Amino acid sequence: MAINYYQPLYEVMRDKDRCIKCRACERQCANEVHSYDEECDVMISDSRQCVDCQRCVSICPTNALKIANNPNTFRQNSNWSQQIMTEVYKQAETGGVLLSAMGNPKEYPVYWDKILLNASQVTNPPIDPLREPMETKVFLGKKPKNVRFNKDGTINTDLPPTLELSTPIMFSAMSYGSISKNAHESLARAATELGIYYNTGEGGLHKDFYKYGPNTIVQVASGRFGVFRDYLEAGAAVEIKMGQGAKPGIGGHLPGAKILEDISKTRMIPMGTDAISPAPHHDIYSIEDLRQLVFSLKEATCYKKPVIVKIAAVHNVAAIASGIARSGADIIAIDGYRGGTGAAPTRIRDNVGIPIELALASVDQRLRDEGIRNEVSIVVAGSVRSSADVVKAIALGADAVYIGTAALLALGCHLCRSCQTGRCNWGIATQRPDLVKRLNPDIGYKRLVNLIHAWDHEIKEMMGGMGINSVEALRGNRLMLRGVGLTEKELEVLGIQHAGQ
Amino acid sequence: MVINAEDIGYYDLNKEIVGSDDAEIKVENVLGQRYIGCGTSAKTITVEGVPGNALGAYLDGSTIIVHGNAQDAIGDTMNDGEIIVHGNCGDTTGYAMRSGKIFVKGNAGYRVGIHMKEYKELYPKIIIGGKVGDFLGEYQAGGIIVVLGIGYEGSVPVGSFCGTGMHGGYIFIRSDQPPSGLPVQVCCETATDEDKKIIKKYVEEFCDCFGYSAKDLLSSRFYMLTPNTASPYRQLYTEN
């Protein structure tokens, strides 16, 4: 008899009085937790398989199911937590690198929650966004320093290419492969209806989605999967992926078993072959090399599309961002250490990188100090959870934000953090046709549209409260922010004062 | 048409090349201008001089002939077409190229054919006449790389770490000895006459370009490198 060194994390609790044995839970669970015992006429559950995705709970017609934390506990120890002990048991058993999904769940400080917004009282009037004009439109790209005139005295309107966003929110890079086709379609259609952008990630662009090109950012990563002329021409902007917040400094490896027919077409590699994305771009070892790739993409797209360079927020992010701004890139995307992923080594996800709030504040300050802030727009990602986070990010200096996890939540994700298994019961992080069809893109895109409309309105409410009527006037306006419970050093890095000051 | 590239920066030069309706374009006095022919299709561009980095990046069907040495990153992410260099070339030649061919008469730098891949009828070919630097065929996922080592007979014409991360395609090396220090994920065998048929047609084309005898070259000993399917890159992961 094998010994179970560690116990299931969750306990599936079924109210037998409520359960009508309809077996919906059994049909819905790709992890095969639920089954029906005909002999005893009873539903049984194998908690060991449960990932707490809440699909069965959500689908149960009689509300008979609950997933609770397993009350079984190892002896309490503040140093050796049950989770750390369990991880040691797993590695002793398999010899494997621990693999997790979604963003860093550890209890590091969330600076968004330690920053408060201002509002107008008496001396300056708040604005009511329902009755007065309020602008959330933003343009991403280079902003000329001066007005230039033609020889005949007219204004030279020959501007560098920009992205126009109806509201300062975009859907961040998630490749077809890491998420399903229906999830991609939902994002693409929502971006089109909203007048914002979604991002293909590094897995190429499915032929069915070329029609959403005007609202698509196409990504070029070290593996160059699916990158060719039509792909570059299809997008509204091209993003060079140097790094990702969830796993800075490492590459990717999509095993051949996951390269099915459709994904093979989109990535332009044979079915069943491994898709390896090297950790570095081996042609980029310096800012000068980066400049070469930026301009080769500009040449290939006739200078009509802005080029974004995406990096993970790491210790010397401000100096790196300064280099990127000088490389000719139009937009810098910075992904904080809480950024999501379909799969990352646990130790990397939980221990590498820095919070996006601190990275953003130091990058914005550095670019201002060097007089090159107008050379690039800044887009931040890595756990923007609400419209309040968006407003705080803009006041700290961002031009716009990328949301990934929040968008997936809108599509039904319950953050069970098991994407790497490919058995997503919500039809998002899976390629299994029976699971993918559970996500109806007609409904999915509307839920995304609802979310962004709601956030847009909340952004206007918060700006109105501060007496500000445009995102332009909020950007980098750190006087609108105050810290609570932060140290002098944290306040200094964030460039804000403490509440009460 | 003929373009004199003297004192013209790459932006204006490439604008002229891309904007031209002529199928055949000769560019003279080239001195380091980058991105020549970038992303073009259905043109034949002859370069006299030394082109800069990223020559023929994203190339989509054009032919580029260089009478001189080329620099780094030629044929980066090239989708189709031909790049023929009557001289040497630099690092990351044919980075992630998906189809078409790159023929270099002389030597090439580090990381030749890195992440080269194939897809359906798209099949990339790189032939280097002389020797190459380290990391030949790094992360190679498909296509063919041939190193002929002409003029370097008696030594191995490839640097260290050859085939690191290789998981598809073929590397052929004309040499009396195999490269040393190959990773366990790569098989290295003496190419049989049957194996040489894979490269025969391309070596003949190469020889037609540069005036060598394909028969003589192909009668020499070649080593053929392929991914070792018995020893793949292990998935080292444990669900957490």
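Reader: Which side chain does that of A:Arg475 meet in a salt bridge?

Author: A salt bridge is a side-chain nitrogen of Lys or Arg within 4 Å of a carboxyl oxygen of Asp or Glu. Here the side chain of A:Arg475 meets that of A:Glu472, with 3.2 Å from N to O. This is a predicted model, in which local features need pLDDT of at least 70 and side-chain atom pairs count only at pLDDT 80 or more, whereas totals for chains, interfaces and linings use all residues. Residues are numbered from 1 along each chain as its sequence is written, chains are lettered from A and ligands numbered from 1 in the order in which they are written, and side-chain values use heavy atoms, with hydrogens and water left out.

Reader: Are A:Arg475 and A:Glu472 buried or partly exposed?

Author: Buried means under 20% relative accessible area, exposed means over 50%, and partly exposed lies in between (1.4 Å probe, protein chains only). A:Arg475 is buried because its relative accessible area is 15%, whereas A:Glu472 counts as partly exposed because its relative accessibility is 45%. Both belong to a network of salt bridges that also links A:Asp364, A:Arg368, A:Arg373, A:Asp399 and A:Arg478.

Reader: How many salt bridges are there over all chains, and which residue forms one with A:Asp283?

Author: The count over all chains is 39. A:Asp283 forms a salt bridge with A:Arg224, where the closest N and O atoms are 3.1 Å apart. That pair links distant parts of the chain, 59 residues apart, and both A:Asp283 and A:Arg224 are buried.

Reader: Which residue of chain B does A:Arg224 meet in a salt bridge?

Author: The side chain of A:Arg224 also meets that of B:Asp76, at 3.2 Å from N to O, and the rule finds two salt bridges across the interface of chain A and chain B.

Reader: How is the size of an interface often given?

Author: It is often given as the accessible area lost when the parts come together. Buried area is that loss for two parts, found with a 1.4 Å probe and summed over both. Between chain A and chain B it is about 3,700 Å², of which carbon and sulfur atoms give 54%. In chain A, the residues that lose the most area to chain B are A:Arg229, A:His282 and A:Gln292, together 18% of what that side buries.

Reader: How many residues are in contact?

Author: Contact means heavy atoms within 4.5 Å, and by that rule 44 residues of chain A are in contact with 40 residues of chain B.

Technical notes
Helices (H or I, at least four residues) and strands (E, at least two) are DSSP runs, numbered from the N terminus.
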